[in-house]
Amino acid sequence: MWRSVVVFAVLAGCGRLGFDATGASSVDDATDGNGTGDGNGSGDGPASNCGGTVHTLVDDFGDGVTASAFTTFCDSPIVMAESGGELVVTLAANQPPERLCGYRSATTHDLRDSRIFIEVLEVPNPQAQAALYLLDAQYNGFGISREGTTLVMSKWLANNQMYLTNPEYNATQFRWWQIRESAGTTYWETSTDGTSWTVRASEPTPFAATGLTVYLQTRMWQSEPNPGVARFDNLNGGSGVVQCN
């Protein structure tokens, strides 16, 4: 269970979309709600009360290998590895622009009455991006991304990205990112601890919210001498059964 505090949801502008759009199957991944990921999501306890399937992507990045629930995409010489119980992406200096690297779900997922959340331990320098995206085959979707010095909550309709809100980035306040859907409304949320959530934006769900590929990625806008590192952990809590209310 989580507690939510509504902040605001206003249209702030349009943004740039960059991701590797290949690889996911077109069939939603139907599971028993006990998690897929790296095998850490099937522990004892009550069954999940979530709908959908995206909450079943559970990974603590602790085994050092890419789970079967994901495929990877990474432009050389960017280096990505599960290391020290984290997913670490080390961006490369002085490279051409539009370099991408990350994890992509191997199958598509259903966000309806479900949720996806991630702990973001470190983001790259402001000239590079860290992002969580959910996108369907028609380029409709939802996203949370650190862009420049702000955290952007956005949606896509037919490949048109719209900013809902973009507060100044605060690593402590925005340590956890969450996108969830409940009873026809989509919420973009942040948390300091992964338990108590603040609503940063909310809107009526604008499309079916099924057939979504999940992207956890970095992107370099331009050549930089010191683009930095992105570090992610505890996708959907990292272990156990995810609950949605």
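In this predicted model, strand E12 (residues 176–182) pairs with strand E13 in the antiparallel sense, over 7 bridges. Ser182, for its part, stands opposite Thr185 of E13. The hairpin of E12 and E13 has 2 residues between the strands. Within this hairpin, Ala183 adopts a positive phi near 50°.

Strand E13 covers residues 185–191. The strand is mostly covered, with 6 of its 7 residues buried. E13 also pairs with strand E14 (residues 197–204). This pairing is again in the antiparallel sense and runs over 6 bridges. Here Tyr187 stands opposite Ser202 of E14. The hairpin of E13 and E14 has 5 residues between the strands. In this hairpin Gly194 takes a positive phi, near 75°.

Ser145 was examined in its own setting. This residue lies in strand E9, which spans residues 141–147. Ser145 has a relative accessible area of 0%. Ser145 therefore counts as buried, because the cut-off for that class is under 20%. The side chain of Ser145 makes a polar contact with the side chain of Glu147, at 2.7 Å. Beyond four places away in sequence, Ser145 touches Gln129, Ala130, Ala131 and Tyr133, along with Thr150, Leu151, Val152 and Trp177.

Conventions:
Residues numbered from 1 in each chain as written. Predicted model: local features only at pLDDT ≥ 70, side-chain atom pairs only at ≥ 80, totals over all residues. Heavy atoms only, no water. Helix = DSSP H or I, 4+ residues; strand = E, 2+ residues; numbered from the N terminus. Buried < 20%, exposed > 50% of the residue type's maximum accessible area, 1.4 Å probe, protein only. Polar contact = N/O pair within 3.5 Å; in protein donor to acceptor, adjacent residues only side chain to side chain. Contact = heavy atoms within 4.5 Å. Pairing = 2+ DSSP bridges.
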